[in-house]
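The entries follow in the order I took them.

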Amino acid sequence: MMWRITSVFIVLSLLFVACEDENYIPKPSTYFKLNFPERVYKNYQDTCGFSFTIPSYFEVVDKKDQRNPCNRDINFKGLNGTLFLSYIPMETELYRYIDYSLSKVDEHKIKASFIKDTTLLYPEHGVYGTYFFLGGDVAKPIQFYLTDSSDIFMSGYVMFNAVPSYDSIKPVLNFVEEDILKMLESTKF
């Protein structure tokens, strides 16, 4: 009987000695490696009378829209997204166009975790507007409008060809946002 108690004691002692307390270090979060395109800027002059500076990975596509012949899609080559641009000669009061743009932003309030708006003032070009960044799982995370306050109203929004998941698109969105802001800052009518 004594040898059983002794052997159990030895086995338990060995188990306790063998199991030393190690510092646990969790693995960091991992992300897919994204190869962003090089930023080489060029001036884009449209036949409808507007211009702006864009990076070489922005590809401007004429939509061939009979009702709005100056609307453009700007594809983000290699980044699976598009900036949809509407260029509208104003036929009524400015506030109607602004209200319409604001209503499009409001459609995303249900899903958005935050909405950051920035006033855009470029008096040297006679261009004014508002830029909206919507955080969360929204379909259109970037929206904006620009105007000369009397004749032209331009609005746009960004969509990615993926299920709206903020965490997944955030790296690409941050990369593209910088170039969109540069484009808006350089817009001339």
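Helices (H or I, at least four residues) and strands (E, at least two) are DSSP runs, which I number from the N terminus. This is a predicted model, in which I took local features at pLDDT of at least 70 and side-chain atom pairs only at pLDDT 80 or more, while totals for chains, interfaces and linings use all residues. Residues are numbered from 1 along each chain as its sequence is written, and side-chain values use heavy atoms, with hydrogens and water left out.

**Pocket**

I looked for open space first. A pocket, on a 1 Å grid over the protein atoms alone, is an open set of points where a 1.4 Å probe fits, with protein on both sides within 12 Å along at least five of seven lines; lining residues have an atom within 4 Å of a point. The largest pocket holds about 560 Å³, a volume being the space filled by probe spheres set on the points, with points joined across faces, edges and corners. I found 27 lining residues, and those closest to the pocket centre are Asn68, Ser86, Ile88, Tyr100 and Ser155. At least two lining residues come from each of E5, helix H2 (94–106), E8 and E9. H2 gives the most, with 6 residues.

**Cores**

Next I looked up the nonpolar cores, sets of buried Ala, Val, Leu, Ile, Met, Phe, Trp, Tyr and Cys residues joined through side-chain atoms within 4.5 Å. Buried is under 20% relative accessible area, exposed over 50% and partly exposed in between (1.4 Å probe, protein chains only). The largest core has 34 residues, and Phe76, Ile180 and Met183 have the most contacts inside it. Among the elements giving two or more residues to this core are strand E4 (72–76), strand E7 (127–136) and helix H3 (166–185). Which element gives the most to this core? H3 does, with 9 residues.

I then listed contacts (heavy atoms within 4.5 Å). Beyond its neighbours within four places in sequence, Ile180 touches Phe58, Phe76, Tyr131, Ile142 and Val158. Another core, of 10 residues, lies apart from the largest one and includes Tyr97, Ala112, Leu134 and Val138.

**Rings**

I counted 13 aromatic pairs in the whole structure. Rings of Phe, Tyr and Trp (its six-membered ring) pair if their centres lie within 6.5 Å; planes under 30 degrees apart are stacked, over 60 edge-to-face and the rest tilted. Tyr87 and Phe189 make a tilted pair, 6.2 Å centre to centre with 55 degrees between the planes. Tyr87 is in strand E5 and Phe189 in the segment after H3, 102 residues apart. Tyr87 is buried at 7% relative accessibility, whereas Phe189 is partly exposed at 28%. Ring pairs also join Phe36, Tyr57, Phe58, Phe76, Phe160 and Phe175 into a cluster.

For charges over rings I required NZ of Lys or CZ of Arg within 6 Å of the ring centre and within 35 degrees of the ring normal. Lys140 sits over the face of Tyr157, 4.2 Å from the ring centre. Lys182 sits over the face of Tyr41 at 4.8 Å from the ring centre.

**Single residues**

Gly136 lies in strand E7 and is buried, at 11% relative accessibility. Setting aside neighbours within four places in sequence, I found Gly136 in contact with Lys111, Ser113 and Tyr166.

I also noted positive phi in residues other than glycine. Asn80 has phi near 60 degrees and lies in the loop between E4 and E5. Ser149, with phi of about 75 degrees, lies in the loop between E8 and E9. Asn80 is partly exposed at 43% relative accessibility, and Ser149 is partly exposed at 40%.
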